[in-house]
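Subject: Structure handover

Hello,

Here is the structure you asked for, followed by notes on what was found in it. Please look through the notes with the coordinates open.

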Amino acid sequence: MAGSRSPLVLGPMLRHIGETDATVWVETAEAGVVTVEADGREWRAPTFGVKGHHYALVVVDGLAAGDELPYAVRIDERVVWPPADHAYPPPRIRTIDRSRPTKLLFGSCRTSVSHDRKGNDSNGVDALRALALALAEGKTDWPDLVAFVGDQVYADETSDEMQEFIAARRSLSEPPGKEIKDYEEYAHLYGLAWSDEAIRWLLSTLPSCMIFDDHDIRDDWNTSWSWHEQMNQTPWWHERLMGGLSSYWVYQHLGNLPPSELARDEVYARALAGASSGPGSGFGSDGRPGADEVDLTDPVFDLARRVDRHPEVYRWSYRRDLGDCRLVVVDSRAARVLEPDHRSMLDPEEMAWLDEQLTGDVEHLFIGTSLPFLLPPGLHDFEAIDEVLAEGAHGRLVGTVAERGRRSIDLEHWAAFNEGFAEVFDIVMDVARGNRGRAPSTIAFLSGDVHNSYVAEVTDAAARHGAQSRIVQAVCSPIRNPMPRAVRVMMSAFARSLVRPMRFIAERSKHVPDPAYPWLVTDGPWFDNCLAEATVQGSDLAIVWRGGEVRGGDDLHPVLTTVGAVRVPGRHADDPDSGVGEGRADEGHTVTR
Ligand SMILES: [Fe+2]
């Protein structure tokens, strides 16, 4: 091994979890064979390389539903995890058990700064770390999965530590300055995000899934055609985007895939094919994994190049089945149609895939989208109006001003892509009406991005359209990147002040489409750093937003707190008291604390 560097650079991260299988991801210092040991059995994978870094994804299969197996990781013959003197409980693989009610964590927007006084003063307490400490001490129940719904890393707003790394390899005064430049810097950025001891332990024992939002690449990523054009004219954007998408595939996306889809992934299939045949394969002449490594640099960079120009050639979205519920995570950033005369949040292939995944016959249907599907109604109208103006409905000058607004105050959510918004809303209503299998008790959009957390619900007027499911939007943002206090007050007032005038304009404009189904914000906003916990309770859903608080000046050991809580009573067609139909149509909010 080179110098005194640990053979395990990052991870292990427990990523996919199924009823009988799991995947464990690692970054290693050298090429080698990675072995996961559990229950007296072993599972192995040779490393693959990207840009001189080494990684492995070990598929652990043949497990039983509800297994709880402590595990260890070896690189070649050396045990590298858990460390001998580890202060945390042994990491374990806990498979899905259909009879256990699902507990799903979600949240977004997490900056990586120190966890001491300085870091807590500037960025608040890291809610993910507060939860890790509480779990390690047995102070809270175990979740099944954490879904990180965007801005896992900030490539455009870097910490002092990240800037030290950058400064050691290039001048900060040259573009892109303090922003991430390439794959190497991204690899370091991911290391900073996930290497704190408590975070690293949590991610080794709690399965995770992820989807990017803008900051994983850059603020406002793919907001409009003109944004795309402008970025392409800079000398640094291409390298940044290639590094961003390639590292996203390695660090975030690969672990989203279930084992059954790995061989179908065009990039990972190369690793599997290389690992099982021919000279230079990852397996030795005895058929066991050897140290020859497959280099995926060219395939993954080639993929990044193609998806930038033709998003339809690859799908970043995915689905996870969790026993009593299903989580469908949709890419609301990279699959956009951005043409001067045609915009949509999802290209036709992506929409067709989503259409297939959104079906009933599950108790709860979760739809993960980094950007909130349902914004506060005033903001929704504002973004929808801005989209119409930016596309030139009232002339070029107005269009330019609207485009500036779109970028400067992030008017780029589903509301700003009416075509995708209306279509997805219709599909969801179709599921809620029971036209795609038994209607779920709840359909919940899980999102982040907006630096405040809230709940919105499609009002009971939806029941008049035949909805048998409650349809809610739950937002959890930020995990650690709070909005300055003055901006919070301003944003809240701004959102409230928009409601009437924006509705007035939208109703009178022949260009601005009216949403087919009304909704209301029922709870929030909360501005604290937090991570949300959605727990299935039969046909109901309980959602609690958990934060962290420093007590007695002990910055390194924040205490887990509750920021907000709601209970979403499930609505079910079979249940005579469910409130389906006209009887409860005017009852008002159905989400209660
Ligand atoms: Fe974002």
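The largest cavity holds about 50 Å³ of space. A cavity here is a set of points, on a 1 Å grid over the protein atoms alone, where a 1.4 Å probe fits but cannot get out, and lining residues have an atom within 4 Å of a point. Grid points are joined across faces, edges and corners, and a volume is the space filled by probe spheres set on the points. This is a predicted model, in which local features need pLDDT of at least 70 and side-chain atom pairs count only at pLDDT 80 or more, while totals for chains, interfaces and linings use all residues. Residues are numbered from 1 along each chain as its sequence is written, and side-chain values use heavy atoms, with hydrogens and water left out.

Cavities

The lining of the largest cavity consists of Ser108, Cys109, Arg110, Leu128, Phe148, Gly150, Asp151, Gln152, Trp194 and Ile479. By class, five of these are nonpolar, three polar and two charged. The classes are: Ala, Val, Leu, Ile, Met, Phe, Trp, Tyr, Cys and Pro as nonpolar, Asp, Glu, Lys and Arg as charged, and the others, Gly among them, as polar.

The second largest cavity has about 40 Å³. Leu14, Arg92, Arg94, Trp142, Pro143, Asp144, Thr205, Leu206 and Pro207 line it, which gives five nonpolar, one polar and three charged residues. In total there are three cavities of 30 Å³ or more.

Second largest pocket

A pocket, in contrast to a cavity, is an open set of points with protein on both sides within 12 Å along at least five of seven lines. The second largest pocket has a volume of about 460 Å³. It is lined by 25 residues, and His228, Asp308, Arg309, Pro311 and Arg336 are the closest to its centre. The lining takes at least two residues from each of α7 (225-232), α8 (237-253), α11 (297-309) and β16 (337-339). Helices (H or I, at least four residues) and strands (E, at least two) are DSSP runs, numbered from the N terminus. The lining of this pocket comprises 12 nonpolar, five polar and eight charged residues.

Iron site

Which residues coordinate the iron ion? The donors are the OD atoms of Asp151, Asp213, Asp214 and Asp449, at 2.0 to 2.3 Å. The spacing of these donor residues in sequence is D-x61-D-D-x234-D. Asp151, in the loop between β11 (145-148) and α3 (160-167), and Asp214, in helix α6 (residues 214-217), are 63 residues apart, and the pair links distant parts of the chain. Donors are N, O and S atoms within 2.8 Å of the metal (3.2 Å for Na, K and Ca); water is not among the atoms, so sites may look incomplete.

The arrangement is tetrahedral because the four donor atoms subtend angles of 85 to 129 degrees around the iron ion. Four donors count as tetrahedral if all angles lie between 85 and 135 degrees.

Asp151 is buried at 1% relative accessible area, and Asp214 is buried at 0%. Buried means under 20% relative accessible area, with a 1.4 Å probe and protein chains only.

Overall fold and helix α2

The protein has 593 residues, of which 61% count as buried, and it contains 17 helices and 25 strands. Of the contacts (heavy atoms within 4.5 Å) with a separation of 6 or more, 75% are between residues 24 or more positions apart.

Helix α2 (residues 127-136) has nine of its 10 residues buried, so it is largely enclosed by the rest of the structure. Elements covering the buried residues of α2 include β10 (103-107), β11, α5 (197-205), β23 (531-537), β24 (540-549) and β25 (559-568).

Backbone points to check

Two cis peptide bonds are listed here. One joins Trp81 and Pro82, with omega about 0 degrees; Pro82 is in the loop between β8 (78-81) and β9 (92-94). Another joins Pro175 and Pro176, with omega about 5 degrees.

Cys109 is not a glycine but has a positive phi, near 70 degrees. Cys109 is in the loop between β10 and α1 (117-123) and counts as buried at 1% relative accessibility. Asn222 likewise has a positive phi, about 60 degrees, without being a glycine; Asn222 is in the loop between α6 and α7.

Regards

Terms used
Tetrahedral: all angles 85-135°; square planar, octahedral: opposite > 155°, others 65-115°. Buried < 20%, exposed > 50% of the residue type's maximum accessible area, 1.4 Å probe, protein only.
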